[in-house]
Amino acid sequence: MTLSIAEQAGTAAGGLLGGFKKLGGLLGKGTASSGGAQQSPASAATAAVEAAAEMARARGLAMPAPSAQLAAEAASAARAAGGVNPGVSLLVLQALAEAAGDADVPTSEFVAQHVTPVTEGTSKAYVELLEEGQSGPARLYVSHAKGMPWADLVSIVDTYVSWKWPEAAHEDFFVWVDVLCRRAVGASGTGPPSVAELLNETRRAIAACDGPTLLCADGDGAALGLAWVQYELWATARAKGGAHVRVMCEEVLTLGHVTRALRDLKPRAAKAPDAEHVGAIVDELRREGGAEEDLHAVLAQVLLQAANAEAQDLASSGLQDQATMAYLASALHKCAVFASACGVQGAAEELGRQSTALMRRTMGDDDGLVAATRLGLAEVLLASGKLEEAEAEYRAAVPLQAATQGDDNPDTLRAVRQLALCLKRQGKFAEAEAHYTSNLQYYEALYGQHSTNYAAGLLHLVVLHAKSGTSESTCKASSLGEQALSINEALLGPSHDTTLQSLQLCKNVARKAGDRAAWDRHAAVLKERVAARAAEGSA
C-alpha cells in the first residue's frame, strides 16, 4: 500500500503560514532592506558561550564536545549502517497540515486521525507507505511535544528550511519526524517498540541527519520538561555538539519562563508516556556519561551554543533585508535567554541590549517584536538588580505589548506582573498594588473568582501588602491570603505544592501581624499535611 499526495490532502499545500508568526511572514515576503550597517553578534554571543563554558569547567560539569569531523563521521557511519527509516518530504508535511484542517489540532490528535488509521495492522511506519520520491535521506531531525499544534510544527520546519536552504525544492527535502517515521510495532512484531529500541533508533536517526536537530518549542519552554526532548537534545550534543541544535518557536521566547523551566529540569520528574520511559532514559544518560543532577546546566549550555550558532549563521549570511535583521535580533534574544539560564548575567545583559537595539532599528518602536525583546532585556536587568533601568524598559514595553497583543493576553498580564514586581522591589508599593489589582480584575473576568489564576493574583497582593509593613496592609494581606488558601484547597487539594505554599504564606503573615492564634493554627495544619505527604511518598 502506498499513499499519494492526492490521497493525503487532495491538493498539496504550496506553503503554510510562515513560522515564528511575524518573522515567518517577513521571511516569505523578501522585504526591503532596513538600511544601516549590519551589527555582528559574534563577539557578544561567542563571549557568552565562552563564559558559560568556563563556569561549567569550574563546576566540574562534563560537557559533550565532539569535533566537527567526528560529527560528520558519525553521520556518515549512521547512514551507511542503515536500520533507520528515511525522512518524509517537506511537501508531504505541508499536505498533511492541509489534511488536518484545524490549525489548532494537537500533534497527538493529528496522529490518531490521519496516521494511525493508515498504519494500523501494517507493522510499518507512515513513511514506509509513501510513494517513491516522497521519502529520502533526512537532513533534519525534528524534536517536538505531542501537544504542539501540528500546523505549528510544520510551519516552523517550513520556515526554517526556507531560510536555511532557500534553493531546496520542498519535494526533495526530507525531515525525520517520529510520528511519521517510527514504527508503532517493535522488533518482536507483537507489541510496541521497547524503550531500548526507541533510544537506539533516536540516536541513529539523529546521527544520520546531516543537518541539525530542530526543536519546535513553545515560548514558555514547556517542551524542555519532556523526557524525550531532553534526551534528543543530549543525544545531539553528544554526537554532534550543541551547534547542531536549533530552537525555533511560533513566538518569541519568554526569558523568565524558559530559565525557570531549565532551572527546574529534573530528569526523573520529566513528563513521559510512563515511568519505564523515564527510568530508561535516566539510565541511558548515565551510561552515556551524563550526570542526572547536572542535566539542566548541561542542556542550558547546549541551547546557548545552539542560539549562538544560529546568530552566527545569520550574521555571516551577508543579507541585510528587514526579515534577516529581525530574525538575527530574535536569535540574539535567544542567546540572552540561554545565557541567563547559564548564569552569565553580564553576557545576557549585553545580548539583550543588542537584540533590543537591532529590533528597534529594524522594525521601528511600535512593533510587537520590539515589545518582546524589550521585555526580555527588562527581565535580565531585573535579575541583575538594575531596577531603575528595568523599570524604564518595562514602562516602554508593557503599553506596546498591550497594544499589539491585547490587555488580557497572558503575555501582557505577565509583563504587567513583572513591572509590579520591579516597582515593589523599589518600595513603590502604591503603584505596584494598582498593577496587581488590574491583573486580578482581568483574572476574574477571564477565569472567575473560583480559579487558580485568581488565587495566584491574590497571592501577589498578599506578598506586596506583607512587605509594605503597615498594620492596615498586613490586615489586608491576612484576609486575601485566607481567600487564596481556601480557593487552592478546594481546587488543588490540601497537599498540593501550591496549597502548601499558600498555607506557609498565611503562616508568615500571621506572624508579621502578631496573631499567635492564627500562626499556631496554620503551623499545625502545615506540619500535619507535610508529614502526611511524606508518608504517602514513602509508601
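How many of the 539 residues of the chain, as a percentage, count as buried? The share is 52%, where buried means under 20% relative accessible area, exposed means over 50%, and partly exposed lies in between (1.4 Å probe, protein chains only). Please keep in mind that this is a predicted model: local features need pLDDT of at least 70, side-chain atom pairs count only at pLDDT 80 or more, and totals for chains, interfaces and linings use all residues. Residues are numbered from 1 along each chain as its sequence is written, and side-chain values use heavy atoms, with hydrogens and water left out.

**The chain as a whole**

- The chain holds 23 helices and 6 strands; these are DSSP runs numbered from the N terminus, with helices being H or I of at least four residues and strands being E of at least two.
- The accessible surface of the chain is about 22,700 Å², and carbon and sulfur atoms contribute 52% of that area. Such areas come from the Shrake-Rupley method with a 1.4 Å probe, and for residues only the protein chains shown count as cover.
- Of the contacts (heavy atoms within 4.5 Å) between residues at least 6 apart in sequence, 77% join residues at least 24 apart.

**Salt bridges**

- The chain has 26 salt bridges, each defined as a side-chain nitrogen of Lys or Arg within 4 Å of a carboxyl oxygen of Asp or Glu.
- One of them pairs E349 with K386, whose closest N and O atoms are 2.8 Å apart. E349 sits in helix α15 (residues 345-363) and K386 in the loop between α16 (368-383) and α17 (387-405), so this pair ties together parts that are 37 residues apart in sequence.
- Within that pair, E349 is buried at a relative accessible area of 10%, while K386 is partly exposed at 34%.
- R203, E284, R287 and E288 are linked in a network of salt bridges.

**Pairs that involve helix α23**

- R529 forms a salt bridge with E489, with 2.9 Å between the closest N and O atoms. This pair links distant parts of the chain, 40 residues apart: R529 is in helix α23 (residues 516-538) and E489 in helix α21 (residues 471-492).
- R529 counts as buried, because its relative accessibility is 16%; E489, at 28%, counts as partly exposed.
- R533 forms a salt bridge with D497, and here the closest N and O atoms are 2.5 Å apart. R533 belongs to helix α23 and D497 to helix α22, so the pair ties together parts that are 36 residues apart in sequence.
- Both partners are partly exposed: R533 has 35% relative accessibility, and D497 has a relative accessible area of 40%.

- R425, K467, R511 and K512 form a positive surface patch. Patches are made of residues with over 30% relative accessible area and no salt bridge; like charges are joined within 9 Å, and nonpolar side chains (Val, Leu, Ile, Met, Phe, Trp, Tyr) within 5 Å.
- For charges, Lys and Arg count as positive and Asp and Glu as negative, while His and the chain ends are not counted. The place of a charge is NZ of Lys, CZ of Arg, CG of Asp or CD of Glu.
- K512, one of the patch members, lies in helix α22 (residues 497-513) and is partly exposed at 48% relative accessibility.
- Q504 is also placed in helix α22, and at 29% relative accessibility Q504 is partly exposed.
- Q504 and W519 are 15 residues apart along the chain, and their C-alpha atoms are separated by 9.7 Å.
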